[in-house]
Amino acid sequence: MSAAQPLRVGVLAVQGDFAAHSRVLRELGASPSEVRSAEQLADLDGLIIPGGESTTITMGMESAGLDEGVRAHHDAGRPILGTCAGMIVCDDQHLGLLDATARRNACGRQLQSFETDLEVEGLGPEPLRAVFIRAPWIQRHGPEVEVLAVWRDHPVVVREGSVLACAFHPELTDDARIHALFMAMISETLREREPG
């Protein structure tokens, strides 16, 4: 892949604010595309599973044959970012991409939505402003899962291999560091695949 070619990042467009994720990716120099079918996953370097309603997303993925397509994307070592409901979709009760169990609505219902500052490992000393909307947290995780941030002692940003997941909506603020971290993961994966 040439240095001038932008990263091809898909955003699952079954439900949720996929357009906002695409805007952030575009601002960071990536080439985003909305994914509604398994065929659209074929040429991607990475994939974002956005927030929304996890049951609706899961059912929509199954009806479109996207669940197996996303698993194949993961099995090929291509990175995935799951945000809010996307974190739930990635857990061991759903797609099984993380050795972790997410608890739905753990941070409260819609009326308890809030913003807070988080220290996220790998993003530098400046706190990250995080928007939590009916957010989950990780209630159990295996030893290979790295916890990058916690809220009230509960993991809210985790990484396992090529999967990054956060409990909040990074697309709703002006701080693009979660997306930038994800793009760095994609770039690292592509470098590792270069011949020689």
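Two notes on reading the values come before the first stop. Residues are numbered from 1 along each chain as its sequence is written, and side-chain values use heavy atoms, with hydrogens and water left out. Because the model is predicted, local features need pLDDT of at least 70 and side-chain atom pairs count only at pLDDT 80 or more, while totals for chains, interfaces and linings use all residues.

**Whole chain**

Along the principal axes, its C-alpha atoms fill a box of roughly 45 × 40 × 35 Å.

Switch to a surface. The accessible surface comes to about 9,000 Å², and 48% of this belongs to carbon and sulfur atoms; such areas come from the Shrake-Rupley method with a 1.4 Å probe, and for residues only the protein chains shown count as cover. Of the 196 residues, 53% count as buried. Buried means under 20% relative accessible area, exposed means over 50%, and partly exposed lies in between (1.4 Å probe, protein chains only).

**The core**

Next, select Ile49, Val70, Phe132, Leu164 and Phe168. In the largest nonpolar core, which has 62 residues, these five touch the most other members. Helix H5 (residues 177-193) gives the most to this core, with seven residues. A nonpolar core is a set of buried Ala, Val, Leu, Ile, Met, Phe, Trp, Tyr and Cys residues joined through side-chain atoms within 4.5 Å. In soluble globular proteins, nonpolar side chains tend to be buried together.

Leaving out residues up to four places away in sequence, Phe132 touches Cys107, Ser113, Phe114, Thr116, Leu118, Val156, Ala167 and Phe168.

**Strand S10 and Val157**

Select residues 154-160, which form strand S10, and pick out Val157 within them. Val157 counts as buried because its relative accessibility is 1%. Beyond four places in sequence, Val157 touches Val120, Glu146, Val147, Leu148, Ala149, Leu164, Ala165, Cys166 and Phe168.

**Helix H1**

Move to residues 18-27, helix H1, where Phe18, Ala20, His21, Ser22, Val24 and Leu25 are buried. The cover over these buried residues includes strand S1 (8-12), strand S2 (31-35), strand S3 (46-49), strand S4 (80-83) and H5. After H1 comes Gly29, with a positive phi near 95°.

Zoom in on Phe18. With a relative accessible area of 17%, Phe18 is buried. Apart from residues up to four places away in sequence, Phe18 touches Val11, Leu12, Ala13, Glu34, Arg36 and Pro50. From C-alpha to C-alpha, Phe18 and Val35 are 9.5 Å apart in space and 17 residues apart in sequence.

**Two loops with a positive phi**

Most residues other than glycine have a negative phi. Select Cys84, in the loop between S4 and helix H4 (85-90). The phi of Cys84 is positive, near 55°, and at 4% relative accessibility Cys84 counts as buried.

Then select Arg134, in the loop between strand S7 (128-132) and strand S8 (137-141). Arg134 has a positive phi of about 45°. Its relative accessible area is 27%, so Arg134 is partly exposed.

Select Leu172, in the loop between strand S11 (163-166) and H5. Leu172 is partly exposed, at 40% relative accessible area. Aside from neighbours within four places in sequence, Leu172 is in contact with Asp17, Val131 and Ile133.

End at Pro143, in the loop between S8 and strand S9 (146-151). Pro143 is exposed, with a relative accessible area of 78%. The C-alpha atoms of Pro143 and Thr55 are separated by 27 Å, and the two residues are 88 apart along the chain.

How values were computed: Helix = DSSP H or I, 4+ residues; strand = E, 2+ residues; numbered from the N terminus. Contact = heavy atoms within 4.5 Å.
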